Amino acid sequence: MIRYDILKTIAPILKDRLVVCNIGSPSQELYQLLDQPSNFYMLGTMGLCSSIGLGVALVQDQPVIAIDGDGSVLTNLATLSTIANNPADNFVLLIVDNGSYGSTGDQPTYAGMATSLTEVAKACGCRNVVECSAEETATELEKAITSGKMTIIISKCQPGNVNVSVIDDDPVNIANRFSNQIRELNS
Ligand SMILES: [Mg+2]
């Protein structure tokens, strides 16, 4: 399974939930599969998906799912210690770990080599760190949301992207509709 297959299997779980999605192909694929006002697509700032997701989780009560990638987390490795030391039990970080920088042409990342993001997350002090196969992702995501405990899921999958169109929505509109959803869901 590749990232797109995982997104397809978790789309029903993501429906009507606050979702922050990694820059590039992940956001474009999610946009094609399940565009909704409660999705925040990263259109810049590689590496900050998990940071923004944590921030949103800390300031309100609704579950927040951040869909990040191995290359992105490696770009901002300090995010794992920030998450460990600022826990938000309504936060789930799903790292789709395909061992490659998918959006720039599937160059290998160190997560697919000697570095285990699962072990790095644990060493940073994160609790509830779950590594799973692509096929198990939907089950683990559902479990994480219902557990009421901050969870990091590392889903191991194959590299590869689907040919989808770019997000043609305005970044300001994406931000505004996401903010409105946060207000609505918490009212
Ligand atoms: Mg990747």
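Please keep in mind that the model is predicted.

Let's start inside. The largest nonpolar core has 57 residues. Those with the most contacts within this core are Ile10, Leu14, Ile67, Phe91, Leu141 and Ile152. Take Leu141 as an example: if we set aside its neighbours within four places in sequence, Leu141 touches Ile10, Ile13, Leu14, Ile65, Val92 and Ile153.

Now to the aromatic rings. How many aromatic pairs turn up in a search of the whole structure? There are two. In one, the ring centres of Tyr31 and Tyr41 lie 5.6 Å apart with the planes at 85°, so this pair is edge-to-face. Tyr31 sits in helix α2, residues 25-33, and Tyr41 in strand β2, residues 39-41, ten residues apart. Both tyrosines, Tyr31 and Tyr41, are buried.

The other pair is Phe40 with Phe178: here the centres are 5.4 Å apart and the planes meet at 40°, so the pair counts as tilted. Phe40 belongs to strand β2 and Phe178 to helix α8, residues 171-185, so this pair ties together parts 138 residues apart in sequence. Phe178 is buried, at a relative accessible area of 5%.

Last stop, the metal. Which residues coordinate the magnesium ion? They are Asp70 through OD, Asn98 through OD1 and Ser100 through O, at 2.1 to 2.2 Å. Along the sequence, these donor residues follow the spacing D-x27-N-x1-S. Asn98 counts as buried because its relative accessibility is 7%, under the 20% cut-off. Ser100, at 4% relative accessibility, counts as buried too.

Terms used. Residues are numbered from 1 along each chain as its sequence is written. This is a predicted model: local features need pLDDT of at least 70, side-chain atom pairs count only at pLDDT 80 or more; totals for chains, interfaces and linings use all residues. Side-chain values use heavy atoms; hydrogens and water are left out. A nonpolar core is a set of buried Ala, Val, Leu, Ile, Met, Phe, Trp, Tyr and Cys residues joined through side-chain atoms within 4.5 Å. Buried means under 20% relative accessible area, exposed over 50%, partly exposed in between (1.4 Å probe, protein chains only). Contact means heavy atoms within 4.5 Å. Rings of Phe, Tyr and Trp (its six-membered ring) pair if their centres lie within 6.5 Å; planes under 30 degrees apart count as stacked, over 60 as edge-to-face and the rest as tilted. Helices (H or I, at least four residues) and strands (E, at least two) are DSSP runs, numbered from the N terminus. Donors are N, O and S atoms within 2.8 Å of the metal (3.2 Å for Na, K and Ca); water is not among the atoms, so sites may look incomplete.
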